[in-house]
Amino acid sequence: MAIRHQSIASKAAKAAKAARVAKAKRIATEGKIAVEPTPLSKSFSDPRDVLVKPVVSEKSYALLDEGKYTFIVAPGSNKTQIKQAVESVFSVKVTGVNTINRQGKRKRTKSGFGKRADTKRAIVTLAEGDRIDIFGQAS
């Protein structure tokens, strides 16, 4: 059984990511590496970088009975990275991953029109008997 997480990325993980990004930028500006490094958007050294947050909505709660969990994920991540991240963070077996790229809504304000950020969502199907307690559901 998975442990209940207050949030997917801890403060220490967020600080470690900021340090990795700063180091990568520093190395790029100093020109120490002759080979072109992998762009930051493609590299996920920590699996918690892939998972941004869980989706809390009526639709996502309705999928919990089927063993499906919904997460907002990094826009540059693919299904394999999402599967590996969920398996390593929550210690469960993932049987399937479906992804959705959602366009941000166009919103009107006093000063004109704006747009919410685009998001990528993943619906993760777990193996029979596995579950994630991040949503605080009862057994």
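Predicted model: local features only at pLDDT ≥ 70, side-chain atom pairs only at ≥ 80, totals over all residues.

Student: How many helices and strands does the protein have, and what pattern do they follow along the sequence?

Tutor: The secondary structure comes to three helices and six strands, and read along the sequence they follow the pattern α-β-α-β-α-β-β-β-β. Of the 139 residues in the protein, 31% are buried.

Student: Which of these elements has the lowest mean pLDDT, and which the highest?

Tutor: Helix 1 (residues 11–30) has the lowest mean pLDDT among the elements, at 82, whereas strand 6 (residues 119–126) has the highest, at 96. The protein as a whole averages a pLDDT of 82, and 81% of the residues score at least 70.

Student: How should I read the salt bridges, and how many are there?

Tutor: The general idea is that side chains of opposite charge can pair when their charged atoms come close. In this protein the count comes to four salt bridges. One of them joins R20 and D49, whose closest N and O atoms are 2.6 Å apart. That pair links distant parts of the chain, with R20 in helix 1 and D49 in the loop between helix 1 and strand 1 (51–54), 29 residues apart.

Student: Are R20 and D49 buried, partly exposed or exposed?

Tutor: R20 is partly exposed, because its relative accessible area is 30%, whereas D49 counts as buried because its value is 12%, and the cut-off for buried is under 20%.

Student: Which other pairs can I look at?

Tutor: D118 and K115 meet in a salt bridge at 2.6 Å, N to O; here D118 is partly exposed at 40% relative accessibility, and K115 is exposed at 53%. D133 and R131 also meet in a salt bridge, at 2.7 Å, N to O, and both D133 and R131 are buried.

Student: Which residues form the positive surface patch?

Tutor: The patch is formed by K59, R102, K105, K107 and R116. Of these, R102 is found in strand 3 (residues 94–102), and R102 counts as partly exposed because its relative accessibility is 38%.

Methods. Residues numbered from 1 in each chain as written. Heavy atoms only, no water. pLDDT = per-residue confidence, 0-100. Helix = DSSP H or I, 4+ residues; strand = E, 2+ residues; numbered from the N terminus. Patch = residues over 30% accessible without salt bridge, like charges linked within 9 Å, V, L, I, M, F, W, Y side chains within 5 Å. Areas by Shrake-Rupley, 256 points an atom, 1.4 Å probe, with all protein chains shown as cover. Salt bridge = Lys/Arg side-chain N within 4 Å of Asp/Glu carboxyl O. Lys, Arg positive; Asp, Glu negative; His and termini not counted. Charge placed at Lys NZ, Arg CZ, Asp CG, Glu CD. Buried < 20%, exposed > 50% of the residue type's maximum accessible area, 1.4 Å probe, protein only.
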